[in-house]
Amino acid sequence: MRKVREVTATVVEFAKRHHDPVLEQTLRSAFAATVSYVIALRLSPEAAPLTAPLTALLVVQVTLYATLTTGFRRVNAVVTGVLVAIAFSLLVGLTWWSLGLLIVASLVVGRFVRAEEFVPEVAISAMLVLGVTTHGDTAWARVVETLIGATVGLACNLLLAPPVWVEEAGESIEGLARRVRQLMLRMGEEAAGQTPVHRAAARLHEARRLDHDIVEVDAALRQAEDSLRLNPRVREGLLYRVVLRTGLDTLEICTVVLRVLARTLTDLAKEREPEPLFPTDTGATVEQLLSEVADAVVSFAVLVTSSTSSDAESAEERLAAGLRQAASTRDRLARLLLQEVRRDSRHWQLHGAVLTEVNRILDEMDTEHRSQRLFEELDRNAREQREKRPRITELREWLSRNRKDTAGRPW
(Lines give C-alpha, C1' and ligand atoms only; values in the text may rest on other atoms or scores of the structure.)
Protein backbone atom coordinates (compact mmCIF):
# COMPACT_ATOMS: atom_id res chain seq x y z
CA MET A 1 0.00 0.00 0.00
CA ARG A 2 2.96 2.29 0.57
CA LYS A 3 3.91 1.97 -3.09
CA VAL A 4 0.34 2.72 -4.10
CA ARG A 5 0.36 5.94 -2.05
CA GLU A 6 3.68 6.96 -3.58
CA VAL A 7 2.37 6.34 -7.10
CA THR A 8 -0.80 8.30 -6.28
CA ALA A 9 1.21 11.30 -5.07
CA THR A 10 3.38 11.17 -8.19
CA VAL A 11 0.37 11.05 -10.50
CA VAL A 12 -1.36 13.95 -8.74
CA GLU A 13 1.77 16.10 -8.81
CA PHE A 14 2.39 15.36 -12.48
CA ALA A 15 -1.20 16.19 -13.36
CA LYS A 16 -0.98 19.52 -11.52
CA ARG A 17 2.07 20.54 -13.53
CA HIS A 18 0.56 19.47 -16.87
CA HIS A 19 -3.00 20.72 -17.28
CA ASP A 20 -3.64 19.00 -20.61
CA PRO A 21 -7.00 17.20 -20.16
CA VAL A 22 -6.01 14.39 -22.51
CA LEU A 23 -2.85 13.78 -20.49
CA GLU A 24 -4.77 13.91 -17.22
CA GLN A 25 -7.37 11.45 -18.49
CA THR A 26 -4.67 9.09 -19.76
CA LEU A 27 -2.89 9.13 -16.40
CA ARG A 28 -6.13 8.57 -14.51
CA SER A 29 -7.09 5.61 -16.70
CA ALA A 30 -3.63 4.00 -16.45
CA PHE A 31 -3.53 4.58 -12.70
CA ALA A 32 -6.99 3.04 -12.16
CA ALA A 33 -6.14 -0.01 -14.26
CA THR A 34 -2.82 -0.54 -12.47
CA VAL A 35 -4.24 -0.19 -8.97
CA SER A 36 -7.13 -2.55 -9.73
CA TYR A 37 -4.66 -5.13 -11.05
CA VAL A 38 -2.49 -4.87 -7.93
CA ILE A 39 -5.52 -5.34 -5.66
CA ALA A 40 -6.86 -8.22 -7.76
CA LEU A 41 -3.51 -10.02 -7.52
CA ARG A 42 -4.06 -10.29 -3.76
CA LEU A 43 -7.77 -11.11 -3.76
CA SER A 44 -8.24 -13.22 -6.89
CA PRO A 45 -6.98 -16.81 -7.32
CA GLU A 46 -6.07 -16.04 -10.92
CA ALA A 47 -2.40 -15.65 -11.82
CA ALA A 48 -3.18 -12.77 -14.18
CA PRO A 49 -6.49 -11.14 -13.14
CA LEU A 50 -6.84 -8.92 -16.22
CA THR A 51 -10.62 -8.56 -15.87
CA ALA A 52 -10.07 -6.05 -13.05
CA PRO A 53 -8.02 -3.52 -15.08
CA LEU A 54 -10.32 -4.08 -18.06
CA THR A 55 -13.35 -3.15 -15.97
CA ALA A 56 -11.53 -0.17 -14.48
CA LEU A 57 -10.80 1.17 -17.96
CA LEU A 58 -14.45 0.71 -18.93
CA VAL A 59 -15.75 2.43 -15.80
CA VAL A 60 -13.35 5.40 -15.68
CA GLN A 61 -15.05 7.95 -17.89
CA VAL A 62 -13.83 11.27 -19.21
CA THR A 63 -15.86 13.17 -16.61
CA LEU A 64 -17.08 12.53 -13.08
CA TYR A 65 -20.68 13.14 -14.16
CA ALA A 66 -20.39 10.50 -16.88
CA THR A 67 -18.88 8.07 -14.39
CA LEU A 68 -21.74 8.47 -11.95
CA THR A 69 -24.42 8.35 -14.65
CA THR A 70 -23.05 5.64 -16.94
CA GLY A 71 -20.50 3.87 -14.75
CA PHE A 72 -23.14 1.86 -12.91
CA ARG A 73 -24.74 0.79 -16.20
CA ARG A 74 -21.31 -0.29 -17.41
CA VAL A 75 -20.80 -2.34 -14.24
CA ASN A 76 -24.25 -3.83 -14.71
CA ALA A 77 -23.40 -4.78 -18.29
CA VAL A 78 -20.00 -6.30 -17.44
CA VAL A 79 -21.26 -8.27 -14.43
CA THR A 80 -24.23 -9.55 -16.42
CA GLY A 81 -21.91 -10.72 -19.18
CA VAL A 82 -19.70 -12.51 -16.66
CA LEU A 83 -22.71 -14.26 -15.13
CA VAL A 84 -23.92 -15.39 -18.54
CA ALA A 85 -20.44 -16.72 -19.26
CA ILE A 86 -20.46 -18.64 -15.94
CA ALA A 87 -23.67 -20.37 -16.92
CA PHE A 88 -22.32 -21.35 -20.33
CA SER A 89 -18.98 -22.54 -18.89
CA LEU A 90 -20.83 -24.85 -16.49
CA LEU A 91 -23.25 -26.20 -19.09
CA VAL A 92 -21.65 -26.41 -22.54
CA GLY A 93 -18.20 -24.81 -22.58
CA LEU A 94 -16.76 -23.04 -25.62
CA THR A 95 -17.66 -24.33 -29.11
CA TRP A 96 -18.60 -22.58 -32.32
CA TRP A 97 -22.31 -23.10 -31.75
CA SER A 98 -22.16 -22.22 -28.04
CA LEU A 99 -20.40 -18.98 -28.94
CA GLY A 100 -23.32 -18.02 -31.19
CA LEU A 101 -25.81 -18.90 -28.48
CA LEU A 102 -23.74 -16.94 -25.95
CA ILE A 103 -23.87 -13.79 -28.07
CA VAL A 104 -27.64 -14.09 -28.62
CA ALA A 105 -28.30 -14.79 -24.95
CA SER A 106 -26.04 -11.92 -23.83
CA LEU A 107 -27.77 -9.39 -26.07
CA VAL A 108 -31.22 -10.54 -24.96
CA VAL A 109 -30.29 -10.52 -21.26
CA GLY A 110 -28.63 -7.12 -21.71
CA ARG A 111 -31.94 -5.68 -22.93
CA PHE A 112 -33.75 -7.37 -20.06
CA VAL A 113 -31.47 -5.88 -17.36
CA ARG A 114 -31.67 -2.45 -19.04
CA ALA A 115 -28.01 -2.05 -19.88
CA GLU A 116 -29.23 0.42 -22.55
CA GLU A 117 -26.32 1.69 -24.70
CA PHE A 118 -23.96 -0.83 -23.08
CA VAL A 119 -25.81 -3.93 -24.27
CA PRO A 120 -22.92 -4.88 -26.63
CA GLU A 121 -20.58 -4.87 -23.63
CA VAL A 122 -22.63 -7.69 -22.09
CA ALA A 123 -21.73 -9.92 -25.04
CA ILE A 124 -18.12 -8.68 -25.11
CA SER A 125 -17.61 -9.44 -21.42
CA ALA A 126 -19.23 -12.85 -21.80
CA MET A 127 -16.98 -13.80 -24.72
CA LEU A 128 -13.85 -12.64 -22.92
CA VAL A 129 -14.66 -14.63 -19.80
CA LEU A 130 -15.79 -17.76 -21.67
CA GLY A 131 -12.67 -17.63 -23.79
CA VAL A 132 -10.28 -17.76 -20.84
CA THR A 133 -12.02 -20.23 -18.57
CA THR A 134 -14.29 -23.25 -18.61
CA HIS A 135 -14.58 -23.76 -14.86
CA GLY A 136 -17.17 -22.24 -12.64
CA ASP A 137 -14.79 -21.42 -9.79
CA THR A 138 -12.52 -19.43 -12.11
CA ALA A 139 -15.52 -17.67 -13.61
CA TRP A 140 -16.62 -16.55 -10.15
CA ALA A 141 -13.14 -15.12 -9.71
CA ARG A 142 -13.92 -12.98 -12.75
CA VAL A 143 -16.90 -11.54 -10.92
CA VAL A 144 -14.64 -10.57 -8.02
CA GLU A 145 -12.17 -8.98 -10.43
CA THR A 146 -15.01 -7.09 -12.13
CA LEU A 147 -16.19 -5.65 -8.82
CA ILE A 148 -12.62 -4.67 -7.92
CA GLY A 149 -12.12 -2.87 -11.22
CA ALA A 150 -15.47 -1.09 -10.95
CA THR A 151 -14.77 0.05 -7.38
CA VAL A 152 -11.29 1.31 -8.21
CA GLY A 153 -12.57 3.11 -11.31
CA LEU A 154 -15.26 4.95 -9.37
CA ALA A 155 -12.87 5.75 -6.53
CA CYS A 156 -10.28 7.24 -8.90
CA ASN A 157 -12.82 9.70 -10.28
CA LEU A 158 -13.81 10.70 -6.75
CA LEU A 159 -10.26 11.05 -5.40
CA LEU A 160 -8.52 12.37 -8.54
CA ALA A 161 -10.62 15.24 -9.85
CA PRO A 162 -11.41 14.71 -13.54
CA PRO A 163 -10.11 17.27 -16.06
CA VAL A 164 -12.22 20.22 -17.14
CA TRP A 165 -12.72 20.42 -20.91
CA VAL A 166 -13.95 24.02 -21.04
CA GLU A 167 -10.82 25.35 -22.73
CA GLU A 168 -11.06 22.75 -25.50
CA ALA A 169 -14.74 23.57 -26.03
CA GLY A 170 -13.87 27.28 -26.17
CA GLU A 171 -11.22 26.60 -28.81
CA SER A 172 -13.79 24.67 -30.84
CA ILE A 173 -16.26 27.56 -30.65
CA GLU A 174 -13.62 30.10 -31.65
CA GLY A 175 -12.50 27.81 -34.49
CA LEU A 176 -16.07 27.67 -35.78
CA ALA A 177 -16.33 31.47 -35.60
CA ARG A 178 -13.11 31.88 -37.58
CA ARG A 179 -14.34 29.49 -40.28
CA VAL A 180 -17.53 31.54 -40.50
CA ARG A 181 -15.42 34.68 -40.77
CA GLN A 182 -13.33 33.28 -43.63
CA LEU A 183 -16.45 32.31 -45.55
CA MET A 184 -17.97 35.77 -45.03
CA LEU A 185 -14.79 37.43 -46.28
CA ARG A 186 -14.78 35.31 -49.44
CA MET A 187 -18.46 36.06 -50.04
CA GLY A 188 -17.79 39.79 -49.61
CA GLU A 189 -14.84 39.77 -52.02
CA GLU A 190 -16.87 37.99 -54.67
CA ALA A 191 -19.90 40.23 -54.13
CA ALA A 192 -17.71 43.25 -54.95
CA GLY A 193 -16.83 41.87 -58.40
CA GLN A 194 -18.26 39.83 -61.20
CA THR A 195 -19.22 36.53 -59.60
CA PRO A 196 -19.99 33.51 -61.82
CA VAL A 197 -22.87 31.32 -60.73
CA HIS A 198 -20.65 28.30 -60.08
CA ARG A 199 -18.48 30.32 -57.68
CA ALA A 200 -21.50 31.63 -55.77
CA ALA A 201 -22.84 28.07 -55.61
CA ALA A 202 -19.48 26.92 -54.20
CA ARG A 203 -19.84 29.42 -51.36
CA LEU A 204 -23.33 28.04 -50.75
CA HIS A 205 -21.94 24.52 -50.43
CA GLU A 206 -19.31 25.79 -47.98
CA ALA A 207 -22.04 27.36 -45.88
CA ARG A 208 -23.93 24.08 -45.84
CA ARG A 209 -20.82 22.19 -44.73
CA LEU A 210 -20.67 24.35 -41.62
CA ASP A 211 -23.41 22.08 -40.22
CA HIS A 212 -20.82 19.33 -39.82
CA ASP A 213 -18.54 21.72 -37.92
CA ILE A 214 -21.40 22.59 -35.58
CA VAL A 215 -21.94 18.90 -34.80
CA GLU A 216 -18.27 18.53 -33.83
CA VAL A 217 -18.35 21.68 -31.70
CA ASP A 218 -21.55 20.50 -30.04
CA ALA A 219 -19.85 17.21 -29.10
CA ALA A 220 -16.92 19.10 -27.57
CA LEU A 221 -19.33 21.35 -25.68
CA ARG A 222 -21.30 18.39 -24.32
CA GLN A 223 -18.06 16.94 -23.01
CA ALA A 224 -17.23 20.27 -21.38
CA GLU A 225 -20.71 20.51 -19.84
CA ASP A 226 -20.35 17.04 -18.34
CA SER A 227 -16.89 17.89 -17.01
CA LEU A 228 -18.37 20.88 -15.14
CA ARG A 229 -21.10 18.88 -13.42
CA LEU A 230 -20.19 17.63 -9.93
CA ASN A 231 -16.57 18.66 -10.46
CA PRO A 232 -14.86 19.98 -7.29
CA ARG A 233 -12.58 22.17 -9.42
CA VAL A 234 -15.47 24.33 -10.63
CA ARG A 235 -17.57 26.61 -8.45
CA GLU A 236 -19.80 28.26 -11.08
CA GLY A 237 -20.41 25.26 -13.31
CA LEU A 238 -23.98 26.23 -14.24
CA LEU A 239 -22.96 29.72 -15.36
CA TYR A 240 -20.14 28.35 -17.53
CA ARG A 241 -22.48 25.80 -19.11
CA VAL A 242 -25.16 28.37 -19.90
CA VAL A 243 -22.67 30.89 -21.33
CA LEU A 244 -21.07 28.34 -23.64
CA ARG A 245 -24.34 26.70 -24.70
CA THR A 246 -26.13 29.96 -25.51
CA GLY A 247 -23.01 31.15 -27.34
CA LEU A 248 -23.00 28.06 -29.54
CA ASP A 249 -26.74 28.42 -30.13
CA THR A 250 -26.18 31.97 -31.35
CA LEU A 251 -23.37 30.89 -33.68
CA GLU A 252 -25.56 28.10 -35.03
CA ILE A 253 -28.30 30.61 -35.85
CA CYS A 254 -25.72 32.82 -37.55
CA THR A 255 -24.53 29.93 -39.72
CA VAL A 256 -28.12 29.18 -40.74
CA VAL A 257 -28.66 32.82 -41.72
CA LEU A 258 -25.31 32.83 -43.52
CA ARG A 259 -26.45 29.83 -45.54
CA VAL A 260 -29.60 31.73 -46.50
CA LEU A 261 -27.46 34.74 -47.46
CA ALA A 262 -25.30 32.52 -49.66
CA ARG A 263 -28.47 31.21 -51.29
CA THR A 264 -29.62 34.79 -51.95
CA LEU A 265 -26.30 35.76 -53.55
CA THR A 266 -26.39 32.60 -55.68
CA ASP A 267 -29.88 33.47 -56.93
CA LEU A 268 -28.74 37.03 -57.61
CA ALA A 269 -25.77 35.71 -59.59
CA LYS A 270 -28.13 33.62 -61.71
CA GLU A 271 -30.37 36.60 -62.40
CA ARG A 272 -27.58 39.06 -63.26
CA GLU A 273 -25.09 36.84 -65.08
CA PRO A 274 -22.88 37.90 -66.84
CA GLU A 275 -23.19 41.27 -65.08
CA PRO A 276 -21.72 41.91 -61.58
CA LEU A 277 -23.94 41.24 -58.58
CA PHE A 278 -23.90 44.92 -57.56
CA PRO A 279 -22.67 48.23 -58.95
CA THR A 280 -19.12 49.17 -57.96
CA ASP A 281 -19.95 51.36 -54.95
CA THR A 282 -22.65 49.01 -53.71
CA GLY A 283 -20.43 45.95 -54.10
CA ALA A 284 -17.62 47.61 -52.16
CA THR A 285 -20.07 48.45 -49.37
CA VAL A 286 -21.33 44.85 -49.29
CA GLU A 287 -17.73 43.66 -48.98
CA GLN A 288 -17.05 46.11 -46.15
CA LEU A 289 -20.26 45.13 -44.35
CA LEU A 290 -19.56 41.39 -44.51
CA SER A 291 -16.00 42.01 -43.32
CA GLU A 292 -17.25 43.96 -40.30
CA VAL A 293 -19.89 41.33 -39.51
CA ALA A 294 -17.25 38.61 -39.81
CA ASP A 295 -15.01 40.40 -37.30
CA ALA A 296 -17.99 40.79 -34.97
CA VAL A 297 -18.63 37.03 -35.11
CA VAL A 298 -15.08 36.34 -33.92
CA SER A 299 -15.40 38.98 -31.19
CA PHE A 300 -18.63 37.33 -30.06
CA ALA A 301 -16.91 33.93 -29.85
CA VAL A 302 -14.05 35.42 -27.84
CA LEU A 303 -16.60 37.01 -25.50
CA VAL A 304 -18.46 33.78 -24.73
CA THR A 305 -15.23 31.81 -24.21
CA SER A 306 -13.38 34.36 -22.05
CA SER A 307 -12.34 32.82 -18.74
CA THR A 308 -11.82 36.06 -16.76
CA SER A 309 -14.02 39.09 -16.25
CA SER A 310 -11.38 41.51 -17.59
CA ASP A 311 -11.06 39.54 -20.83
CA ALA A 312 -14.85 39.40 -21.12
CA GLU A 313 -15.17 43.17 -20.63
CA SER A 314 -12.62 43.97 -23.34
CA ALA A 315 -14.20 41.43 -25.69
CA GLU A 316 -17.64 42.92 -25.06
CA GLU A 317 -16.32 46.41 -25.83
CA ARG A 318 -14.80 45.18 -29.10
CA LEU A 319 -18.04 43.42 -30.00
CA ALA A 320 -20.18 46.48 -29.24
CA ALA A 321 -17.88 48.70 -31.31
CA GLY A 322 -17.91 46.22 -34.18
CA LEU A 323 -21.70 45.96 -34.13
CA ARG A 324 -22.08 49.75 -34.17
CA GLN A 325 -19.73 50.03 -37.15
CA ALA A 326 -21.52 47.21 -38.97
CA ALA A 327 -24.90 48.86 -38.31
CA SER A 328 -23.62 52.13 -39.78
CA THR A 329 -22.35 50.35 -42.88
CA ARG A 330 -25.64 48.48 -43.17
CA ASP A 331 -27.57 51.75 -43.19
CA ARG A 332 -25.29 53.08 -45.93
CA LEU A 333 -25.83 49.90 -47.93
CA ALA A 334 -29.60 50.25 -47.51
CA ARG A 335 -29.48 53.71 -49.08
CA LEU A 336 -27.38 52.47 -51.99
CA LEU A 337 -29.68 49.51 -52.58
CA LEU A 338 -32.71 51.82 -52.48
CA GLN A 339 -31.17 53.93 -55.21
CA GLU A 340 -30.43 50.78 -57.20
CA VAL A 341 -34.03 49.56 -56.86
CA ARG A 342 -35.32 52.91 -58.07
CA ARG A 343 -33.18 52.56 -61.18
CA ASP A 344 -33.94 48.87 -61.72
CA SER A 345 -36.61 47.14 -59.64
CA ARG A 346 -36.23 43.66 -61.13
CA HIS A 347 -34.25 42.24 -58.20
CA TRP A 348 -35.63 44.23 -55.29
CA GLN A 349 -36.64 41.05 -53.39
CA LEU A 350 -33.06 39.74 -53.44
CA HIS A 351 -31.62 43.12 -52.45
CA GLY A 352 -34.04 43.32 -49.54
CA ALA A 353 -33.18 39.74 -48.53
CA VAL A 354 -29.47 40.65 -48.24
CA LEU A 355 -30.27 43.43 -45.77
CA THR A 356 -32.74 41.26 -43.85
CA GLU A 357 -30.25 38.43 -43.38
CA VAL A 358 -27.46 40.76 -42.25
CA ASN A 359 -29.87 42.35 -39.77
CA ARG A 360 -30.69 38.93 -38.32
CA ILE A 361 -27.01 38.16 -37.70
CA LEU A 362 -26.43 41.53 -36.05
CA ASP A 363 -29.53 41.13 -33.91
CA GLU A 364 -28.45 37.67 -32.69
CA MET A 365 -25.09 39.01 -31.50
CA ASP A 366 -26.52 42.12 -29.86
CA THR A 367 -25.27 42.38 -26.27
CA GLU A 368 -28.68 43.25 -24.82
CA HIS A 369 -30.29 40.36 -26.66
CA ARG A 370 -27.58 38.02 -25.35
CA SER A 371 -27.96 39.23 -21.75
CA GLN A 372 -31.69 38.59 -21.92
CA ARG A 373 -31.10 35.05 -23.21
CA LEU A 374 -28.60 34.35 -20.45
CA PHE A 375 -31.06 35.43 -17.75
CA GLU A 376 -33.82 33.35 -19.34
CA GLU A 377 -31.62 30.25 -19.48
CA LEU A 378 -30.43 30.70 -15.89
CA ASP A 379 -34.02 31.11 -14.71
CA ARG A 380 -35.08 28.04 -16.67
CA ASN A 381 -32.27 25.92 -15.22
CA ALA A 382 -33.03 27.12 -11.70
CA ARG A 383 -36.72 26.31 -12.18
CA GLU A 384 -35.94 22.83 -13.48
CA GLN A 385 -33.56 22.27 -10.56
CA ARG A 386 -36.31 23.19 -8.08
CA GLU A 387 -38.79 20.89 -9.79
CA LYS A 388 -36.41 17.90 -9.96
CA ARG A 389 -34.88 18.26 -6.47
CA PRO A 390 -37.25 20.28 -4.27
CA ARG A 391 -35.74 19.08 -0.98
CA ILE A 392 -32.19 19.98 -1.98
CA THR A 393 -33.42 23.39 -3.13
CA GLU A 394 -35.18 23.99 0.18
CA LEU A 395 -32.05 22.96 2.08
CA ARG A 396 -29.90 25.39 0.05
CA GLU A 397 -32.36 28.23 0.63
CA TRP A 398 -32.45 27.46 4.37
CA LEU A 399 -28.64 27.48 4.57
CA SER A 400 -28.51 30.73 2.60
CA ARG A 401 -30.98 32.41 4.99
CA ASN A 402 -29.01 31.20 8.00
CA ARG A 403 -25.79 32.63 6.58
CA LYS A 404 -27.46 36.01 6.07
CA ASP A 405 -28.89 35.99 9.59
CA THR A 406 -25.52 35.05 11.09
CA ALA A 407 -23.72 37.72 9.08
CA GLY A 408 -26.17 40.36 10.33
CA ARG A 409 -25.61 39.62 14.01
CA PRO A 410 -23.21 41.97 15.90
CA TRP A 411 -21.39 39.09 17.54
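Which residues line the largest cavity?

Tutor: This is a predicted model, so local features need pLDDT of at least 70, side-chain atom pairs count only at pLDDT 80 or more, and totals for chains, interfaces and linings use all residues. Residues are numbered from 1 along each chain as its sequence is written, and side-chain values use heavy atoms, with hydrogens and water left out.

A cavity is a set of points, on a 1 Å grid over the protein atoms alone, where a 1.4 Å probe fits but cannot get out; lining residues have an atom within 4 Å of a point. Grid points are joined across faces, edges and corners, and a volume is the space filled by probe spheres set on the points.

There are two cavities of 30 Å³ or more. The largest has a volume of about 70 Å³. Its lining is Met187, Glu190, Ala191, Thr195, Ala200, Arg203, Ala262, Leu265, Thr266 and Leu277. Helices H8 (166-191), H9 (197-228) and H10 (237-272) each supply at least two of the lining residues. Helices here are DSSP runs (H or I, at least four residues), numbered from the N terminus. By class, this lining has six nonpolar, two polar and two charged residues. Ala, Val, Leu, Ile, Met, Phe, Trp, Tyr, Cys and Pro count as nonpolar, Asp, Glu, Lys and Arg as charged, and the others, Gly among them, as polar.

The second largest cavity holds about 40 Å³. Leu261, Leu265, Val286, Leu289, Leu290, Leu333, Val354 and Val358 line it. Two or more of these come from each of H10, H11 (280-305) and H13 (348-364). H11 gives the most, with three residues. This lining has eight nonpolar, no polar and no charged residues. Leu265 lines both cavities.

How values were computed: 1 Å grid on protein atoms, 1.4 Å probe; cavity = no way out; pocket = protein on both sides within 12 Å on 5 of 7 lines; lining within 4 Å.
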